[in-house]
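Here are my notes for you on this structure, point by point. Keep the 3D view open while you read.

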Amino acid sequence: MNNIVDIKYDRMGTSSSTNALGMREMQAMTYEVRERQYLLIKAPPASGKSRALMFLALDKLAHQGIKRVVVAVPEKSIGRSFANTDLRKYGFFADWRVAPYFNLCDVTNEKNKTDRFKEFFNQHTARILVCTHATLRFAMKEMADEAFNDTLLAIDEFHHASADAESGLGDVVRRLMAGTSAHLVAMTGSYFRGDGVPVLRPEDEDRFHRVTYNYYQQLNGYKYLKSLGIGYHFYQGQYLRALADTTLLDTDKKTIVHIPSVNSRAATGDKYDEVQQIMDIIGDKVDTDYENGVYTLQRRSDGKLIKVVDLVEDDANERNRVQSFLQRMSGRDAVDIIIALGTAKEGFDWQWCEHCLTIGVRGSLTEVVQIIGRCTRDCEGKEHAQFTNLIAAPEAAQDRVEVAVNDMLKAITASLLMEQVMAPSWKFRTSREEAEGGEGDRRTLVIEGLKPLSTEKTRHIVASDLDDLKATILQNDMIVKAMGGNTPPEVINNVLIPKIIKEKYPECTDDELEEVRQHVILDTITKGGEVVVGSDGTRFLKLSNRFVNIDHLSIKLIDTINPFQRAYEIMSKSVTAPVLKIIQDTIAEQRMSITKEEAVVLFRSEIPAYMEKSGGKLPEPTDPNPQVRRLAEAIAFVRNEKIRHMMKMTYEKEGGNA
């Protein structure tokens with residue numbers, strides 16, 4: 001298995017070193033704007049969002065008139081991130097303390113959570129409460145909004161909220177913003193959802209001050225971790241057989257294995273049996289720690305003992321016992337492998353994790369971001385983090401080939417987004433800006449024809465929202481279908497992507513949309529691009545599958561490059577030729593009818609090039625190549641449009657003579 005994404009980092013130490021107040025880089029950025037009423041913190045896992053919230057909250061309690069703090073997390077296990085924390089010894093003015101009675105994520109006290117939540121607002125001793133999103137929603141049904149006046153509400157993993165009217169968490173946010181003096185801090189490592197619904201309504205989002213700290217800043221600023229790999233293994237048959245027949249499960253690495261959902265195509269239907277079979281692949285069971293839920297297995301090859309935790313178990317008492325142990329464990333040797341299904345994802349902190357082995361396609365890009373975040377925490381002794389997705393490849397005899405192809409494309413789409421958010425970016429300058437001089441560095445590219453960002457709106461989108469916009473683009477059905485290798489780059493860059501940008505930012509003018517389009521495509525194509533120096537000293541930038549003179553870059557040239565070429569390369573290298581043909585044919589059958597915009601682009605560029613290669617022959621609708629059939633469809637569309645236009649002209653002319 002080769003990695004699709006393999007990124008090296010410089011280990012600058014900037015994201016983990018602290019200032020005089022004990023704050024890391026992202027935390028200091030957030031603390032600078034601590035007086036804002038509404039804050040949205042977009043930062044990756046392990047960047048220190050929970051402690052950033054502690055600094056903010058303690059300052060608001062001491063200096064900003066806030067009387068109480070409520071922290072809401074999506075699940076109980078994440079509550080450990082907001083446990084008592086000593087901050088004074090690192091230079092801050094106060095420590096973070098949560099009274100056990102008002103730590104509603106403590107699995108040892110499950111009684112009367114909603115009542116304790118309401119009680120918190122009627123007492124004056126404890127000032128901090130930690131609860132789950134569910135507890136917050138339930139309690140808010142029984143409380144007046146005004147109770148949250150002079151309260152800071154911090155919501156972790158904020159992407160669980162939604163602008164949808166039916167979203168309980170989103171409704172809480174809207175109610176507090178509309179009718180109270182509450183302060184809000186929203187924190188997330190992935191500010192996009194898998195269902196296409198925005199997290200906040202545009203008018204609400206505009207009231208939040210955003211602190212954006214990207215994945216590359218985080219990973220490049222670590223002390224220990226120096227590389228990240230993202231790879232895929234495509235199998236046929238049952239995943240358990242594939243797992244046993246390969247070296248994917250390296251038991252020398254601290255690993256989280258996420259098995260597929262019971263109802264997914266990859267699952268066998270019996271999750272408990274799957275756990276037992278995975279344990280059997282690891283080794284023979286030699287001991288069970290019933291108090292903590294830890295199984296000790298002996299590896300058959302050399303007798304090494306492997307400690308395994310099972311988080312798939314549904315029994316509440318068993319789960320609570322295991323989660324309590326995971327919250328308490330403090331050493332690298334406590335656990336070697338965790339087997340999970342719906343847990344051990346967002347907010348789960350196991351810093352020693354080196355490998356996330358995920359079986360089956362995930363429900364959304366958000367979920368993939370969160371899973372990868374489990375292995376990208378910085379930890380002494382860990383130099384490489386690895387994410388591996390085990391995905392079923394389509395088979396000719398399979399009944400649901402279309403589903404298999406879509407699953408495969410979803411997985412590859414996720415890898416492309418990960419490369420986009422985790423690899424270093426280039427900065428872009430217009431030819432005019434270069435001529436005028438000024439600042440530029442070794443990662444600055446001069447692009448002929450690049451439009452300058454002319455408004456505050458476009459500058460904000462490019463500076464803060466580019467990764468979110470790319471996620472929207474990569475989740476779009478049109479783009480997924482364009483990844484089969486049969487859609488010309490000009491169609492993707494000048495038709496499909498602009499349409500998606502227009503839908504996301506309908507208030508933008510045509511000029512603003514073009515500015516954003518250029519930067520999205522430039523950033524996507526050049527992300528992670530390598531500079532190669534020729535024998536004569538000429539510098540070339542490797543873009544997709546071609547080398548381009550770094551001094552001759554232009555928007556016109558960029559528009560001829562498929563920003564998702566990597567997806568096709570991944571597929572063609574990872575599966576056999578017959579399977580690749582199944583994928584291409586399935587995508588071709590799923591594609592929507594041709595649009596006027598696509599037909600025009602193909603008619604102007606692709607069709608003349610095809611006719612030149614084929615000696616003047618027109619593309620045929622019966623050609624076995626799906627791309628040639630698309631060209632024939634474009635010709636038919638243009639012909640029909642021309643006939644309709646001529647008929648309209650004749651009708652209008654006759655009407656004028658009547």
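1. Start with helix 18, residues 510-526: its 17 residues reach 24 Å from the first C-alpha to the last. That is close to the 24 Å expected at 1.5 Å a residue, where the expected span is 1.5 Å times one less than the number of residues. Helices here are DSSP runs of H or I with at least four residues, strands are runs of E with at least two, and both are numbered from the N terminus.

2. A quick word on the source: this is a predicted model, where local features need pLDDT of at least 70, side-chain atom pairs count only at pLDDT 80 or more, and totals for chains, interfaces and linings use all residues. Residues are numbered from 1 along each chain as its sequence is written, and side-chain values use heavy atoms, with hydrogens and water left out.

3. Is helix 18 mostly covered or uncovered? Mostly covered: 14 of its 17 residues are buried (under 20% relative accessible area; exposed is over 50% and partly exposed in between, with a 1.4 Å probe and protein chains only).

4. Helix 18 also turns up at the largest cavity, where helix 18 and helix 15 (466-474) each supply at least two lining residues. Helix 15 gives the largest share, three residues. A cavity is a set of points on a 1 Å grid over the protein atoms alone where a 1.4 Å probe fits but cannot get out, and lining residues have an atom within 4 Å of a point. The volume, about 50 Å³ for this cavity, is the space filled by probe spheres set on the points, which are joined across faces, edges and corners.

5. Who lines that cavity? Look for Q420, K470, I473, L474, I497, V520, T524 and F564.

6. Now the strands. Strand 11 (294-298) and strand 12 (305-310) pair in the antiparallel sense over five bridges; pairing takes at least two DSSP bridges. L297 stands opposite I306 in strand 12. Six residues sit between the strands of this hairpin, in which G303 takes a positive phi near 80°.

7. Strand 12 also runs parallel to strand 13 (337-340), joined by three bridges, and D310 stands opposite I339 in strand 13. The chain gets from strand 12 to strand 13 through helix 10 (316-328), a right-handed β-α-β crossover: with the strands pointing away from you, the path from the first strand over the helix to the second runs clockwise.

8. Finally, check R11, which has a positive phi of about 50° although it is not a glycine. R11 lies in the loop between strand 1 (3-8) and helix 1 (25-31).

Methods:
On a 1 Å grid over the protein atoms alone, a cavity is a set of points where a 1.4 Å probe fits but cannot get out, and a pocket is an open set with protein on both sides within 12 Å along at least five of seven lines; lining residues have an atom within 4 Å of a point.
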